[in-house]
Amino acid sequence: MQPRNMSMSGVVDLAAVKAAQEAKAKAEQARAEAARQGGGPGAVSPADLVIDVDEAGFERDVLQRSTEVPVVIDFWAEWCEPCKQLSPVLEQLVVEYNGRLLLAKIDVDANQMLMQQFGVQGIPAVFAVVAGQALPLFQGAAGKEQIQQTLDQLVQVAEQRFGLTGLTVDPDAAPGAAQGAAAPAVPAGPYDALLEAAVQALDAGDFGGAVQAYKNVLSDDPGNTEAKLGLAQAELLHRVQGLDPQQVRQEAAAKPADAQAQVAAADLDLVGGHVEDAFGRLIETVQRTAGDDRNAVRVRLLELFEVVGPDDPRVIAARRALARALF
């Protein structure tokens, strides 16, 4: 297993867009295959939400389980005093999420290979695996409120982007009764075929086709979160597909008040993962322009907010800066 870093707050580069879409498709395939092989695991007990994991059981207990529930990984060791402070907080919070998260505890002394694969530099270190994709969460001790905010974001990402609704928890269920059972069947949604068509178009580099597929969903279901996120990403990729990056950046540097030049450069900034640069560029352009040009820049900035995600701290800060620039 080779972990892959992925932004929790928004997929902003070509490789990450494809990785997220592929991971979602794999999660759906795993759930469908499990359903064909004999149904779901039924309810789990609260004790099943916190498990010890080693290298031998990692694929079964973390990778496979991550197709039905986000798995939080706590890298710890017996000699680590901060670990002894953090671990009980993680365990308590995961149980409070009532099946929307699973906590896997990994002793680094006994599982050096996993520690190396995740690139752990020090402990405690906390990661998550969602639909087979690894996400770094935080390293070192953290307060309960901060941890809860991070876990809230993780649950939101898992539900909205990967369709992971978690496990059913029954306080009266026997611990371990559902361990290793197949994942629950997930009924096909009314727009699954259209969303799958969009994923396939993205995989093929047909960003125009992906845009149309997401629009087809939104025409019937304007509030579909997955389609809105996918459309924002597909439109961004479609816009930059034929651009010459060197030429775009030269024009932007030569024409700081040119709305179209700055908008094109901001698109490239975001695709390259330079989120703050993209936002800052457009906010400065709003301050330099007026009329239709100013409104066009404002609209593009709002579109880029959709790509990154409304809860991202960078988006929240940029919204405040935009309000100051406008008013």
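Predicted model: local features only at pLDDT ≥ 70, side-chain atom pairs only at ≥ 80, totals over all residues.
**View B. The open, mixed sheet.** Here you can follow five strands in the order S1-S3-S2-S4-S5, with mixed pairing. Strand S1 (50-52) and strand S5 (133-139) are the edges, each pairing on one side only. From one strand to the next, the twist averages 25°. Strands (E, at least two residues) and helices (H or I, at least four) are DSSP runs, numbered from the N terminus, and two strands pair if DSSP finds at least two bridges between them.

**View C. Where S1 meets S3.** S1 and strand S3 (residues 102-107) run parallel and are joined by three bridges. Look for aspartate 52, whose bridge partner in S3 is lysine 105.

**View D. Two helices across the sheet.** Helix H3 (residues 81-96) lies across S1, S2, S3, S4 and S5, at about 155° to S3. Helix H5 (residues 144-162) lies across S2, S4 and S5, at about 15° to S4. Axes are lines fitted to C-alpha atoms, for helices over the stretch in contact, and angles run from 0 to 180 degrees between N-to-C directions.

**Notes.** Residues are numbered from 1 along each chain as its sequence is written, and side-chain values use heavy atoms, leaving out hydrogens and water. Local features need pLDDT of at least 70 and side-chain atom pairs count only at pLDDT 80 or more, while totals for chains, interfaces and linings use all residues.

Terms used: Contact = heavy atoms within 4.5 Å.
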